[in-house]
Amino acid sequence: MTDTIHPLVAAPAGRSLPTDSGPKVVNLQRLDREGIPVPPTLFLPPEAYFAFVRHNGFTERVRAMAEADMDGLRWEEIWDASLALRNMFLRGKIPDSIAVSLLDAVRTHLGNAPLAVRSCSRNEDSGLSHAGMHETELNVHGRDEILRAVRIVWASLWSDRAMLYRKEMTLRADASGMGVILQPMIPGRASGVMFTKDPTDESRLVIEAVSGLARDVVDDAVESERTLLARSTGEVVGRKSPGPQVVDNGLAAKLFRIARKVEEIFSTAQDVEWTMGEKGLVILQSRPITTLSERGDESGWDKSDKRPWYLSLTRSHENLLHLRERIESAILPEMQEDSRRMKALDLEALSPEELKRELTTRKQRLDHWRDVYWRELIPFAHTVRQFGMLYNDAVTPDDPFEFTTLLSGQHLLAVERNALLEDMAELVRHDPKLAAELRGGRLPESGPYSDRLEAFMETFGDLACSTSWCDEGPWGIIRLTLDAVPQHPRPGATMRSEDMEQRFLNAFSNERREFAASVLELARTGYRLRDDDNIHLGRIQARFNEALERARALGLELPETEPEAKKAMPKGLAWHERKAASDESPGLTGWPAASGIARGPARVVMGPNDLFSFRKGEVLVCDALDPNMTFVAPMACAVVERRGGMLVHGAIIAREYGIPCVTGIPEATSRIRTGQWLMVDGFRGLVTMEDATPRHDETARNVLGKELQPCGRRPMTGFFRHGTCRTGPQDSGSHVVCARMTKDFLEFTRSRGNDLISPAPQHGFPGLVPGDTWCLCALRWEEAREVGLAPPVLLECTHEAATRHVSLEDLHAHAEKPGTALD
């Protein structure tokens with residue numbers, strides 16, 4: 001495939017480009033032929049992209065992405081779909097014929113210089129300005145990095161940003177390809193972009209410049225200098241610089257002359273990327289000036305087209321660092337102070353007119369904070385996107401969402417609140433008299449429980465009743481504490497996280513490792529605030545609702561207003577590679593948002609009564625899990641959401657508690673019924689609807705002659721993955737000994753060819769660590785005993801069938817204290 005590598009500026013410069021080449025490379029060739037200085041350039045045409053897709057069997061996956069219904073998707077779902085495909089491309093192999101030809105051409109025409117690897121799709125830089133839609137990789141060195149950068153650029157054809165403008169870009173799986181431009185990096189003392197016609201004043205030309213790379217201007221990574229020139233004369237008519245001057249009058253004059261010539265060549269105003277190198281001025285690319293959306297209100301929003309807002313979510317690392325400082329030092333403290341001020345006001349002491357004014361004020365504050373939420377808090381979630389892409393680029397994991405493991409374990413407000421609920425439930429469990437009083441509707445006037453409840457309602461009262469599901473008052477919370485709350489996440493998660501973090505950081509050079517650590521630390525903050533900011537906003541909403549309910553109680557004449565958060569949840573559809581399940585199908589498919597397998601009766605939550613009726617061990621099924629609803633999460637064995645995405649709140653809280661979660665199932669709340677038994681597979685994103693009654697062996701006994709107890713659900717163990725060591729004719733290995741893993745045993749069994757340490761996501765197996773409980777093959781346990789490495793046995797969880805292979809005396813000799821199996 002040597003003929004598919006096209007050198008533009010390096011000889012032979014006059015070679016014709018393929019007919020499906022994108023405008024970006026066509027424009028570069030035209031500039032070169034007209035005498036405009038451009039870098040030496042190689043072009044890998046779309047033919048190579050199609051060969052790569054066919055070679056790796058990606059055709060159907062790409063088609064599914066191209067044909068996905070984007071209209072109802074939330075931003076989390078769009079990004080999740082794009083990230084999964086991007087990771088798939090990173091793990092793909094470029095055919096040898098293409099890789100060899102490309103690397104030979106780079107060596108021949110570009111030498112060993114670090115490279116810029118740029119996208120060049122068919123419709124890029126034509127008609128609609130696609131700046132930032134696709135990827136550009138800079139400072140690319142060496143064989144492996146070049147091939148990796150090419151795969152990243154190819155994958156960016158289906159980036160989340162590009163998918164939003166799929167119709168305008170006419171993206172089609174069978175016809176849309178991605179070319180790749182390769183150029184040597186040009187160290188510049190000054191770089192930037194130039195608009196040959198100022199979009200806000202057609203009499204001017206605009207130059208945006210920085211010291212360094214033009215990419216810093218495009219990405220808004222640093223504050224740039226702005227120089228305004230008169231289009232008629234080239235005279236400098238304005239300049240705003242944050243520091244030392246970058247573009248002097250001499251450079252401004254050169255840029256003006258280039259601008260006039262480039263505009264003459266293309267017969268339209270141009271957006272020109274340039275750099276001033278050692279050998280003079282070089283034009284990196286040129287595209288027509290257009291706008292993505294000319295509509296919008298006075299604040300820049302477009303009520304019918306939110307895509308420009310979505311594009312604004314992509315921020316540079318420096319921008320995100322500044323945004324974190326503003327959120328933590330100003331936005332959140334001000335939200336908290338607003339809520340405290342409103343809460344301290346006695347609404348019952350206000351006259352009707354005063355109450356009306358207060359209601360108006362609270363509505364204005366709510367609208368203000370909602371605007372801040374969308375403009376500044378939601379964009380901060382890009383910290384997670386930034387880290388996810390960096391992690392996958394460095395590690396190329398089997399699971400494209402493995403990176404979320406490194407984000408769990410943050411100090412979420414929801415987890416702090418749930419811990420207080422668990423503390424109250426603990427008091428009830430150990431005090432039968434207190435439990436009886438509470439079940440009878442009597443709340444003790446004093447004592448530890450009353451004190452904790454008062455403290456809870458003072459601190460978290462707004463949160464416990466959801467954003468405005470406050471009709472239950474404290475009794476909704478009391479009812480929850482009458483049920484047992486499960487334990488916190490299983491031991492070992494921290495150990496896995498530490499190992500993963502080290503592997504991630506080790507993937508970078510010493511020079512880049514500090515940046516990688518900063519990206520991770522920033523993402524952890526963004527992950528925490530992704531959940532916490534909703535809770536802070538919920539407090540403001542609750543204050544407004546209190547005033548509204550008070551006004552209604554007094555019979556005041558008010559505009560027709562429904563309390564916030566009692567409105568319908570936002571719609572969202574999941575992106576799947578399959579048709580929607582039929583009404584007869586027992587299986588539902590969505591996004592695997594939190595790993596694990598669990599089984600239990602469904603509780604479909606559609607309103608407050610459903611929420612406060614939740615019981616331990618149920619599967620929480622809902623339209624969308626608001627952060628203020630997550631107080632039931634510790635009692636759930638799994639979470640299923642109609643809405644999709646790895647960053648929805650149900651997924652975040654499920655990962656914190658180590659319970660499986662599947663999101664993005666359109667039929668979740670319509671097909672599933674409360675009480676129906678579900679098998680939730682958080683590894684593969686599958687939810688199986690079973691019979692109304694559980695299918696399990698009611699007569700299963702342990703080696704003590706009593707009812708068999710669960711061995712472990714985090715991770716889900718057992719031959720049938722139901723959490724117990726039940727057995728049957730299919731279980732030829734007799735997985736009946738419930739044992740707690742030790743480091744020595746895990747290393748021993750791996751040495752025997754049975755690796756229980758390494759994750760196997762394709763089989764729904766997360767890998768074990770010391771402290772996990774697991775149903776072992778009886779003969780494997782016996783083999784370890786014979787060499788003195790048998791792990792401790794949980795007798796009440798070990799099936800009586802174990803005695804067919806192992807003596808009861810040996811099991812007792814290695815018994816762990818009863819009652820310590822993981823729930």
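Mentor: Two strands pair if DSSP finds at least two bridges between them. This is a predicted model, in which local features need pLDDT of at least 70 and side-chain atom pairs count only at pLDDT 80 or more, while totals for chains, interfaces and linings use all residues. Residues are numbered from 1 along each chain as its sequence is written, and side-chain values use heavy atoms, with hydrogens and water left out.

Trainee: Happy to start there! What makes strand β14 and strand β15 a pair?

Mentor: Strand β14 (residues 597–605) and strand β15 (residues 619–622) share four bridges, so they pass the test. Their pairing is in the parallel sense, and Arg-603 stands opposite Leu-620 in β15.

Trainee: Which order do the strands of their sheet take?

Mentor: Eight strands line up as β12-β19-β18-β14-β15-β16-β17-β13 in an open sheet with mixed pairing.

Trainee: What makes β12 and β13 the edge strands?

Mentor: Both β12 (587–589) and β13 (591–594) pair on one side only. Between neighbours in this sheet the average turn is 30 degrees, direction ignored. Helix α21 (residues 649–657) packs on the sheet and touches β13, β16 (638–641) and β17 (661–663). The direction of α21 makes about 45 degrees with that of β13.

Trainee: How is the six-stranded sheet paired?

Mentor: Its order is β9-β8-β7-β6-β10-β11, it is open, and the pairing is antiparallel. Strand β10 (residues 270–277) is joined to β11 by eight bridges, and Met-276 has Leu-281 as its bridge partner in β11.

Trainee: Which strands does α9 lie across?

Mentor: Helix α9 lies across β6 (190–195), β7 (204–210), β8 (225–230), β9, β10 and β11, at about 140 degrees to β10. Helix α1 (residues 23–33) also meets α9 (residues 249–266): their axes come within 11 Å and cross at roughly 115 degrees, in a right-handed way. Asn-27, Arg-30 and Leu-31 of α1 make the contact (heavy atoms within 4.5 Å) with Val-262, Ile-265 and Phe-266 of α9. By class, that contact has four nonpolar, one polar and one charged residues.

Trainee: Which residues bring α11 and α12 together?

Mentor: Among them are Leu-320, Ile-327, Glu-334 and Met-342 in α11, with Arg-365, Trp-369, Val-372 and Phe-380 in α12. The contact has eleven nonpolar, one polar and nine charged residues.

Trainee: How do you know where confidence is lowest and highest?

Mentor: We use pLDDT, the predictor's confidence in each residue, from 0 to 100. Helix α8 (residues 215–218) has the lowest mean, 54, and strand β20 (residues 735–740) the highest, 95. Over residues 292–303 the pLDDT is below 50, although this stretch has 20 contacts in the model beyond near neighbours in sequence. Residues 819–823 are also below 50, with 22 such contacts. For the protein chain the mean is 80, and 79% of its residues reach 70 or more.

Methods. Helix = DSSP H or I, 4+ residues; strand = E, 2+ residues; numbered from the N terminus. Nonpolar A, V, L, I, M, F, W, Y, C, P; charged D, E, K, R; others polar. Axes fitted to C-alpha atoms, helices over the stretch in contact; angles between N-to-C directions. Left-handed = near helix turned anticlockwise from the far one by under 90°.
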